[in-house]
Amino acid sequence: MPILPLTSLSHPGVAVFASLTEAQLRNRLEPEKGVFIVESPKVIRVALDAGYEPLALLCEQRHIEGDAKDIVARMGDIPIYTGARELLAELTGYTLTRGVLCAMRRPQPRPLKEVCRGARRIVVIDGVVDTTNIGAIFRSAAALGIDAVLLTTNSCDPLNRRAVRVSMGSVFLVPWGWIEENDADAATLQEQLHALGFKSAAMALTDNSVSLDDPRLAAEERLALIMGTEGDGLPHATITAADYVVRIPMAHGVDSLNVAAASAVAFWELRVR
């Protein structure tokens, strides 16, 4: 594998790690050219094991024969850029977690029918934009038996560098897909979920919401949990259109949990037993 020591920040091969924004990496206009960045040896290993294609590696010199030795051995003919910690931090604008970044090819979008094939419990993420919350939801989904994740296009990209890191690579373990903008209105979303064979359960506080431990929910053969934004929650139309509206029972007058925490509670309670 070619190991290329960096002495300058202007090397053209490292632009993917430095000058490109998340939007440019994602490349909506030409998805086949999309790239995403994976940070830390542990998460890079998860991505490689899941079949994701590496394009370039950026690694502190001391990790070439250290924490990243096994990763370097798996890189084949792709370029491996290396340099001092201070130089790489100046290049990327932040100190690398565990000293390693990997640029990988973004996978092509998958049809929702394919994403949900065989699934019994899925989550629909509607308008959640915080990278930490997205990563945490994916980590809980992988750990607690959620079979697939669907996201509206106004949600954070699961392949955002920070979301990937927070998820500890769980974004590579759970099938996921985008709900196209024209399909994200309440009625169309409900129709799509029904066409895929799911009853829907909107997580929201309303006068007619049922408790998360209501036995009717656990009895559903295929259930889609719909989680809303960090601030305003789900749109009223989405709540109204859902088959169930669900609340988590609270104590001490607390009205709600952070969306990532709420998702973990809901995933555990409604897992297929």
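Student: How many bridges join strand S3 (residues 54-60) to S5?

Tutor: S3 and S5 run antiparallel. Strands (E, at least two residues) and helices (H or I, at least four residues) are DSSP runs, numbered from the N terminus, and two strands pair if DSSP finds at least two bridges between them. In S5, the bridge partner of Ala56 is Ala103. The count of bridges joining S3 to S5 is five.

Student: What pLDDT do local features need in this predicted model?

Tutor: Residues are numbered from 1 along each chain as its sequence is written, and side-chain values use heavy atoms, with hydrogens and water left out. The model is predicted: totals for chains, interfaces and linings use all residues, side-chain atom pairs count only at pLDDT 80 or more, and local features need pLDDT of at least 70.

Student: Which residue of S5 is the bridge partner of Glu39?

Tutor: Strand S2 (residues 35-39) pairs with S5 in the antiparallel sense, over five bridges. In S5, Glu39 has as its bridge partner Leu101.

Student: How many of the six residues of strand S5 (residues 100-105) are buried?

Tutor: Buried means under 20% relative accessible area, exposed means over 50%, and partly exposed lies in between (1.4 Å probe, protein chains only). S5 is largely enclosed by the rest of the structure, because the number of its six residues that are buried is five.

Student: Which strands are the edge strands of the open sheet of seven strands?

Tutor: The sheet has parallel pairing and the order S8-S7-S6-S11-S9-S12-S10. An edge strand here pairs on one side only. The two are S8 (176-179) and S10 (210-211).

Student: Which residue of S7 is the bridge partner of Ile125?

Tutor: Strand S6 (residues 121-125) and strand S7 (residues 148-152) pair in the parallel sense over four bridges. Val124 has Leu150 as its bridge partner in S7. For Ile125, the bridge partner is Leu151.

Student: Why is S7 described as largely enclosed by the rest of the structure?

Tutor: Both faces of S7 are covered. Ala148, Leu150 and Thr152 are buried on one side, and Val149 and Leu151 on the other. S7 is therefore largely enclosed, the number of buried residues being five of five.

Student: At about what angle to S7 does helix H7 run?

Tutor: Helix H7 (residues 131-143) lies across S6, S7 and S8. Axes are lines fitted to C-alpha atoms, for helices over the stretch in contact (heavy atoms within 4.5 Å), and angles run from 0 to 180 degrees between N-to-C directions. The angle of H7 to S7 is about 155°.

Student: Which residue caps the N-terminal end of H7?

Tutor: The buried residues of H7, including Ile134, Ile137, Phe138 and Ala141, pack against S6, S7, helix H8 (161-166), S8 and H12. Just after H7, Gly145 takes a positive phi of about 85°. At the N-terminal end, a side-chain oxygen lies 3.0 Å from the backbone nitrogen of Thr132, and the capping residue that supplies this oxygen is Asp130.

Student: Is Leu112 buried or exposed?

Tutor: Leu112 is in helix H6 (residues 112-115). Leaving out residues up to four places away in sequence, it touches Leu150, Gly177, Trp178, Ile179, Gln192 and Leu196. Its relative accessible area is 13%, so Leu112 is buried.

Student: Where does His252 lie?

Tutor: Most residues other than glycine have a negative phi. His252 has a positive phi near 60°, and at 82% relative accessibility it counts as exposed. Its place is the loop between strand S12 (244-247) and H12.

Student: What is the relative accessible area of Met168?

Tutor: Met168 is found in the loop between H8 and S8. Although not a glycine, Met168 has a positive phi of about 55°. Met168 is partly exposed, with a relative accessible area of 29%.

Methods: Polar contact = N/O pair within 3.5 Å; in protein donor to acceptor, adjacent residues only side chain to side chain.
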